[in-house]
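Student: I am new to this structure and would like to know what the terms used for it rest on. Could we look at it together?

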Amino acid sequence: MDPPFNETYKTLLYKQIKNTENNVPQTPFSFHVTAVVEEVELPLIDVSRLINGAEKEREKCKQDIASASREWGFFQVINHGISMDVLEKMRQEQIRVFREQFDKKIKSEKFSTGSYRWGTPSATCLRQLSWSEAFHVPMTDISDNKDFTTLSSTMEKFASGSEALAYSLAEVLAEKSGRKSSFFKKTCVRNTCYLRMNRYPPCPKPSEVYGLMPHTDSDFLTILYQDQVGGLQLIKDNRWIAVKPNPRALIINIGDLFQAWSNGMYKSVEHRVMTNPTVERFSTAYFLCPSYDAVIECSGDCPAYRNFSFGEFRQQVQEDVKKLGYKVGLPRFINDIY
């Protein structure tokens, strides 16, 4: 069932020891594993107020969303429009998919070629290795799927609910930053967004290997449904904190594109997933992405970032990961004019 992590990456432990001896340059600060971190609850927002609330309640909800996006870059929502029944079925269905034999997952006919991914092909040391496997599924693969199984119907319900929620949140954030809210429905259409089902197997060296290495998301918004195992951590006030799971809530985080588009008003925050020595973890994420030719224009009289296309951004990220072993992201696109 599990990918061959031990066989494929066994030489990295040897390299890690040699690198320490030879004083190889240090990896970024955020890549250092912190054994003990504080567990906190993210700001909790009842988004049903956006539809059912009186005018003052709707406005307060919008302010709460914008405030959390400025101060945390992360928040959680309840009464979000996706039933607990759908969320539980989503978890059960993805468990069933990941329980299949490794060779079968690689050649899975449920999704398009290349959807199944595991580990980190570019890793040159343990800190660059992600001990996880995933199915990366474009939204069009879900809606065009004629195989009417419980998996496909459940994914469609989760995807549709996430899509509606993402548009709603993006429009609120656009309004509160003084930008046009119609931008997202025009540029983030169904054939540019995707779901990612994740599994984090038990790891024999949890103090040395990440489930998912530190990163920011290269999109506008991410909507995450996670189980109750825990392991998600983010940087707040220059320190790592652990996110306390809430079975009723979905987690929302701001991506790089929203930080640039809002001229830094909203924060794309670095986060990671820690491994567990005995328990596996599951999660499903929806990513709100534009087309590759969509141009991200930074707002304001003194834009912090130059204009760039999503395709240009993705290409730069891939080049950096290949060359450095980690993503650099928005610092590559700082506006030097101001």
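Tutor: A residue is called buried when its relative accessible area is under 20%, exposed when over 50%, and partly exposed in between, using a 1.4 Å probe and protein chains only. By that rule, buried residues make up 52% of the 338 residues in the protein. This is a predicted model, in which local features need pLDDT of at least 70 and side-chain atom pairs count only at pLDDT 80 or more, while totals for chains, interfaces and linings use all residues. Residues are numbered from 1 along each chain as its sequence is written, and side-chain values use heavy atoms, without hydrogens and water.

Student: How do you know that the radius of gyration agrees with a compact globule?

Tutor: The radius is taken over C-alpha atoms, and the globule rule is 2.2 Å times the number of residues to the power 0.38. For 338 residues a compact globule would come near 20 Å, and the protein has 20 Å, so the two agree.

Student: What makes a set of residues a nonpolar core?

Tutor: Its members are buried Ala, Val, Leu, Ile, Met, Phe, Trp, Tyr and Cys residues joined through side-chain atoms within 4.5 Å. The largest such core has 82 residues, and Phe-184, Phe-220 and Phe-258 are among those with the most contacts inside it. Helix α7 (residues 150-176), a DSSP run of H or I with at least four residues, gives the most to this core, with 12 residues. Apart from it lies another core, of 9 residues, including Ala-123 and Val-209.

Student: Which residues is Phe-258 in contact with, leaving aside its neighbours within four places in sequence?

Tutor: Contact means heavy atoms within 4.5 Å, and the partners of Phe-258 include Ala-170, Leu-173, Phe-184 and Tyr-266.

How values were computed: Helix = DSSP H or I, 4+ residues; strand = E, 2+ residues; numbered from the N terminus.
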